[in-house]
Amino acid sequence: MRTLTKLLIAVMISLILCGYSDAAEKRTPFKPTGTTKGAKQGMKTYYMGRFAIDLPAEFQLEIQSQRLCHAEVSDFKWKERDRAKERESLWTQKLTKIKKLKLPKGKDRIIIEEVNFPNLGKWSKGILYYGNYVSPRTLYWTVLLDCGDTGIWLQIDGIKRDQMVKHFNDLLSRYHYGHENLTKDSFCLTHGRIEFPYLEQEEIYARFAGPMGMKLEIDMNETHQVEEVGLLDSFTASLAMNFAPGVDVDKIRARKRTIGELPGEEIVTKMTANRGPKLYFGWKYQGKEDSGEHPEIRIAIQQVPNGELDEKLKIWDDLLDSFRPACRR
């Protein structure tokens, strides 16, 4: 019975807060850097895609990933002084992982070729391989790029080798370290940005661990069709259906709320089941069709231990109020 109740609660919350994709489990964790110019004292600015947010120092970035024009791309700080040694180690680890992939039917090897790209960054190498055993025609490129202060991983798939090479060269050649002098075309990674206007397929996910058991998640995706049912309507419908019998739902907030000039909807609830009460915070902006400046945005803090509500609401309000386009400091 406990398992069933827990499952019902999870489904209800996913409906209310528009839950996050399982793909988050595959995303790469990063360590946060120091305070960024533009944040309030005691706060740190985090840049993700075309947006930014200020968070208290207690919040730690656990995961950040992004997809830009069909390419999964992430940057990182080098850990060793000897970058050549670190590059070789990272590349060897990647090759080992790729070689363990399952072969597509009709193919006799996973790796098609390894290529150096002497005109890209200070050093770069790519590997072309079959990354999907159920799709023999699909090719994958994984590229490691040394930009000096940072390194970049990129992965892209398709069926035309040279077209993919041209595409990721175009993306990576527009990378700049840091978040200074951002423009409306800046697509931010963890440590730098790619100066590239919105064309298609942009996805950003970030998760932060905060104080008092708070886990903040931010998920942004382009949308081709704006949903007709909003967050408040979903919440009201869930309550009307008594979706999770035996679960008490106390509404703390359920209202329209504009942040960063984006008109969204907010809910804050306390849900009590057989394992005690939990707090849930959610905000959603439904976005505009095929827009980089107006993606569908979900911000949530789920399954927070009950208690210290005023303090948690203060943190929640401050972080929502700081959310904004990245090019606006």
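Tutor: First a definition: rings of Phe, Tyr and Trp (its six-membered ring) pair if their centres lie within 6.5 Å, with planes under 30 degrees apart counted as stacked, over 60 as edge-to-face and the rest as tilted. By that rule, ring pairs link Phe117, Trp141 and Phe168 into a cluster. This is a predicted model, in which local features need pLDDT of at least 70 and side-chain atom pairs count only at pLDDT 80 or more, while totals for chains, interfaces and linings use all residues. Residues are numbered from 1 along each chain as its sequence is written, and side-chain values use heavy atoms, with hydrogens and water left out.

Student: How many aromatic pairs in the whole structure?

Tutor: The search finds nine. One of them is Phe281 with Trp316, a tilted pair at 5.5 Å centre to centre and 50° between the planes. Phe281 lies in strand β16 (residues 276–285) and Trp316 in helix α5, so the pair ties together parts that are 35 residues apart in sequence. Helices (H or I, at least four residues) and strands (E, at least two) are DSSP runs, numbered from the N terminus.

Student: Phe281 and Trp316, buried or exposed?

Tutor: Both Phe281 and Trp316 are buried, meaning under 20% relative accessible area, with exposed over 50% and partly exposed in between (1.4 Å probe, protein chains only).

Student: Now the sheet. What is the strand order?

Tutor: The open sheet has three strands in the order β1-β2-β18, with antiparallel pairing. The edge strands, each pairing on one side only, are β1 (43–48) and β18 (324–325). Two strands pair if DSSP finds at least two bridges between them.

Student: Which helix packs on the sheet?

Tutor: Helix α5 (residues 309–322), which touches β2 and β18; its direction makes about 155° with that of β2. Contact is heavy atoms within 4.5 Å. Axes are lines fitted to C-alpha atoms, for helices over the stretch in contact, and angles run from 0 to 180 degrees between N-to-C directions.

Student: How many bridges join β1 to β2?

Tutor: Six. Ala52 in β2 is the bridge partner of Tyr47, and Ala52 also has Arg324 in β18 as a bridge partner. The hairpin of β1 and β2 has two residues between the strands, and Gly49 there takes a positive phi near 60°.

Student: Which β1 residues are on which side?

Tutor: Met43, Thr45 and Tyr47 are on one side, Lys44, Tyr46 and Met48 on the other, and all are buried. In a regular strand the side chains alternate between the two faces of the sheet.
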